[in-house]
Amino acid sequence: MKRSVLLAAAGAALALSVAGCKEKSPEATPATTAAATPAKVKPPVVTAPPAVKAHLYDDDADPNKQIADGLKQAKKEHKRVILDFGGDWCGDCQVLDIYMHREPNAELLSKNFVVVHISVGHIDKNLEIGDRYGVALHKGVPALAVLDANGKALYAQAGGEFESMRYMQESSVTEFLNKWKA
């Protein structure tokens, strides 16, 4: 009996460690999910989230003011704005931030973009901001949008493209930044 409890606990811990930063549907339980869906094989983790997470997303900030300030700075500096939707709890959001601050991405970012981090709570906050720019937050975070200096959305993540950052190469961020730079 004890062994089965330990195995179940270990399985649950493993599932949590490899799960992306997605909204969990309340009706799905591990028992029903496992029986209903075939097991997906994830690629190996490329970069594990840091043990001590950076504070990137301010739950108390006004996202409309953050965006307005970012747009003002972008206009002044002739840059674009990246809206980065996520939460400090999200390991994939932490990995995205790590990738953005390594070369050559750090230089691409500083020369071409103003980054605005928008907290989504636990996928229950500021969702209307994502909707406004066409970002499908229900697909998972981190989720990105790119705006021109006037606030026009040039790109909106619609399919959860970055929600599994720990399984992605750093070069995927480089490609993204090069594609959308000013």
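The crossing of helices α5 and α7 is left-handed, and in this predicted model the axes of the two helices come within 10 Å and cross at roughly 25°. Because angles under 35 degrees count as roughly parallel, α5 and α7 are described as roughly parallel to each other. On the α5 side the residues that take part in the meeting are N105, L108 and L109, and on the α7 side they are E170, V173, T174, L177 and N178.

Since E170 lies in helix α7 while R102 lies in the loop between α4 and α5 (105–112), the pair ties together parts of the chain that are 68 residues apart in sequence. R102 counts as partly exposed, with a relative accessibility of 36%.

In total, the structure holds 5 salt bridges, and a further one of these is formed by R166 and D92, whose closest N and O atoms are 3.1 Å apart. This pair, too, links distant parts of the chain, for R166 is placed in the loop between β4 (153–156) and α7 (170–180), whereas D92 belongs to helix α4 (residues 91–100), 74 residues apart. R166 counts as buried at 8% relative accessibility, and D92 likewise counts as buried, at 0%; both assignments follow because buried means under 20% relative accessible area.

Another salt bridge joins K79 and E77, with 3.0 Å between the closest N and O atoms. Here K79 is buried, having a relative accessible area of 14%, whereas E77, with a relative accessible area of 34%, is partly exposed. Between these two in the numbering stands H78, which is not a glycine and yet has a positive phi of about 55°. H78 is found in the loop between α3 (63–77) and β1 (80–86), and it counts as exposed at 66% relative accessibility, because exposed means over 50%.

The position of N126 is in the loop between β2 (113–119) and α6, and at 11% relative accessibility N126 counts as buried.

Over the chain the pLDDT averages 83, and 78% of the residues score at least 70. Over residues 1–19, however, pLDDT stays under 50, and for this stretch the model has 5 contacts beyond four places in sequence. Residues 24–35 also have a pLDDT below 50, and this second stretch has 3 contacts in the model beyond near neighbours in sequence.

Notes. Residues are numbered from 1 along each chain as its sequence is written. This is a predicted model: local features need pLDDT of at least 70, side-chain atom pairs count only at pLDDT 80 or more; totals for chains, interfaces and linings use all residues. Side-chain values use heavy atoms; hydrogens and water are left out. A salt bridge is a side-chain nitrogen of Lys or Arg within 4 Å of a carboxyl oxygen of Asp or Glu. Buried means under 20% relative accessible area, exposed over 50%, partly exposed in between (1.4 Å probe, protein chains only). Helices (H or I, at least four residues) and strands (E, at least two) are DSSP runs, numbered from the N terminus. pLDDT is the predictor's confidence in each residue, from 0 to 100. Contact means heavy atoms within 4.5 Å. Axes are lines fitted to C-alpha atoms, for helices over the stretch in contact, and angles run from 0 to 180 degrees between N-to-C directions. Angles under 35 degrees count as roughly parallel, over 145 as roughly antiparallel, 65 to 115 as roughly perpendicular and the rest as oblique. A crossing is left-handed if the near helix is turned anticlockwise from the far one by less than a right angle, and right-handed if clockwise.
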